[in-house]
Amino acid sequence: MAINLQQAIDIGKYLITQRLLGRKRFPLVLMLEPLFRCNLACTGCGKIQHPVEILKQNLTPEQCFAAVEECGAPVVSIPGGEPLLHPQIGEIVEGLIKRKKYIYLCTNGLLLEKSLDKFKPSPYLTFSIHLDGMREWHDKCVDRKGVFDTAVQAIRAAKAKGFRVATNTTIFEGCDIQEMQGFFDFLETLGTDGMMISPGYSYEWAPDQDHFLQKEQTRALFKEILSPYTSGKKNWNFNHNPLFLDFLIGEKDYECTPWGSPSYSVLGWQKPCYLLNEGYYTTFQELLDKTDWSQYGGASGNPKCADCMVHCGYEPTAAMDAMQPKNIARSLTTVFGKG
């Protein structure tokens, strides 16, 4: 089961409430970045390219809690950087659990096993481990040997202690389709609580600009990678609304809802979304009110958005589409599995 039943119920209630209140723009997942620094230097990442004085900064637990309250999203993703480098990450997670937020703590896994005693298993907490494929490919993507083995060992250790663990995979141009399918099979043997996949976004600051996918490449690649799943031959446990997977393979055509996954960091509320470096607002309400949202998304003509199909922009769109009566039964496969 990728998403537990209570989480699905709570998010469903939240979406219905927003619709009844007539709100056109509202957050679903807060991307809470308590720091930007990392213990890896992945060539496809733009976050660690910030100046040293920014990389040294941390959000305090109080700043994190204030952002969560201000935003109101039911789900909080904690990326980075590497959040396990934060000296108060245990306190931050504990405070979010008390607020009954569903947390996805995103980590490369290098520090996870030695950090497990900072946390307690909870239905509100899921460790999201970054794995881009099997050993050779993943270690190439993160530009360090041995990371895959350490991350897999950490997954096993976390599961042994009763934690929920998911994986997060970014797919780039050049990946081997059969190897990626074998990778999904391998993840199933680890007993993880769901897999997340997404095409990489071409961060302007990323050192490697040669392996990001264009939109038609994404559709063709994901259609082939996911063919055993869509044909029913495989029952991979994806932690996605199935409508988002339909979008990735070109069977759905969605517009981005960037306000659905706002990002808060040491610099403030990032505009317009997690992926673009176009400045920051002081408050979440300013982000909603002052951003010209017509300038973003596939239909806007903005070249920065032309090839983006990343989950943080389109998963909220799929979530809203899932509330349509015709899509409810299909969306329940996120909770009960593909049958």
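This is a predicted model: local features need pLDDT of at least 70, side-chain atom pairs count only at pLDDT 80 or more; totals for chains, interfaces and linings use all residues.
At 58% relative accessibility, Lys100 counts as exposed. Lys100 sits in the loop that runs between H4 and strand S3, residues 102-107. It is not a glycine, yet its phi is positive, at about 60°.

There is a second residue of this kind. Asp143 also has a positive phi of about 60° without being a glycine. Its loop is the one between H6 and H7. Asp143 counts as exposed because its relative accessibility is 55%, and the cut-off for exposed is over 50%.

Now the cis peptide bonds. One runs from Gly80 to Gly81, with omega near 5°. Gly81 belongs to the loop between strand S2, residues 75-78, and H4. Another cis bond joins Lys271 and Pro272, and there omega is about -5°. Pro272 is placed in the loop between strand S8, residues 268-270, and strand S9, residues 280-281.

What is the angle between H3 and H4? Helix H3, residues 61-71, and helix H4, residues 89-98, pack at about 30°, and their axes are 9 Å apart. That makes the two helices, H3 and H4, roughly parallel, because angles under 35 degrees count as such. The crossing of H3 past H4 is right-handed. On the H3 side the contact involves Pro61, Glu62, Cys64, Phe65 and Val68, and on the H4 side Glu91, Ile92, Gly95 and Leu96. By class, the residues of this contact are 6 nonpolar, 1 polar and 2 charged.

The next pair is H6 and H7. These two helices pack at an angle of about 110°, with 8 Å between their axes. H6 is therefore roughly perpendicular to H7, since that class covers 65 to 115 degrees. H6 contributes Arg135, His138, Asp139 and Val142 to the contact, and H7 contributes Val147, Phe148 and Asp149. The contact of H6 with H7 has 3 nonpolar, 1 polar and 3 charged residues.

Staying with H6, which of its residues are buried? In this helix, residues 135-142, they are Trp137, His138, Asp139, Cys141 and Val142. The buried residues of H6 pack against strand S4 (125-130), helix H7 (147-160) and helix H8 (177-189). After H6 comes Asp143, the residue with positive phi, near 60°.

H8 brings me to Phe183, which is located in that helix. Phe183 counts as buried, at 0% relative accessibility. Leaving out residues up to four places away in sequence, Phe183 touches Leu131, Asp132, Gly133, Met134, Phe148 and Thr169. Of these, take Met134: it and Phe183 are 49 residues apart in sequence, but their C-alpha atoms are 5.8 Å apart in space.

Is Thr192 buried or exposed? Thr192 is buried, because its relative accessible area is 11% and the limit is under 20%. Apart from neighbours within four places in sequence, Thr192 is in contact with Ile155, Val165, Thr167, Leu187 and Asn237.

Last, the nonpolar cores. How many residues are in the largest one? The largest nonpolar core has 79 residues, and those with the most contacts inside it are Leu32, Leu96, Phe119, Phe127, Leu131, Phe184 and Phe238. H7 gives the most to this core, with 7 residues. Apart from this core lies another, of 25 residues, and among them are Tyr14, Met31, Tyr201 and Leu276.

Some of those names have already been on the screen. Leu96 is one of the H4 residues that meet H3, and Leu131 is among the residues touched by Phe183. Phe119 has its own list of contacts. Residues up to four places away in sequence aside, Phe119 touches Leu84, Ile89, Gly90, Val93, Leu105, Leu125, Phe127 and Phe163. Phe127 in that list is, like Phe119, one of the residues with the most contacts inside the largest core.

That is what I had on this model.

Terms used
Residues are numbered from 1 along each chain as its sequence is written. Side-chain values use heavy atoms; hydrogens and water are left out. Axes are lines fitted to C-alpha atoms, for helices over the stretch in contact, and angles run from 0 to 180 degrees between N-to-C directions. Helices (H or I, at least four residues) and strands (E, at least two) are DSSP runs, numbered from the N terminus. Angles under 35 degrees count as roughly parallel, over 145 as roughly antiparallel, 65 to 115 as roughly perpendicular and the rest as oblique. A crossing is left-handed if the near helix is turned anticlockwise from the far one by less than a right angle, and right-handed if clockwise. Contact means heavy atoms within 4.5 Å. Ala, Val, Leu, Ile, Met, Phe, Trp, Tyr, Cys and Pro count as nonpolar, Asp, Glu, Lys and Arg as charged, and the others, Gly among them, as polar. Buried means under 20% relative accessible area, exposed over 50%, partly exposed in between (1.4 Å probe, protein chains only). A nonpolar core is a set of buried Ala, Val, Leu, Ile, Met, Phe, Trp, Tyr and Cys residues joined through side-chain atoms within 4.5 Å.
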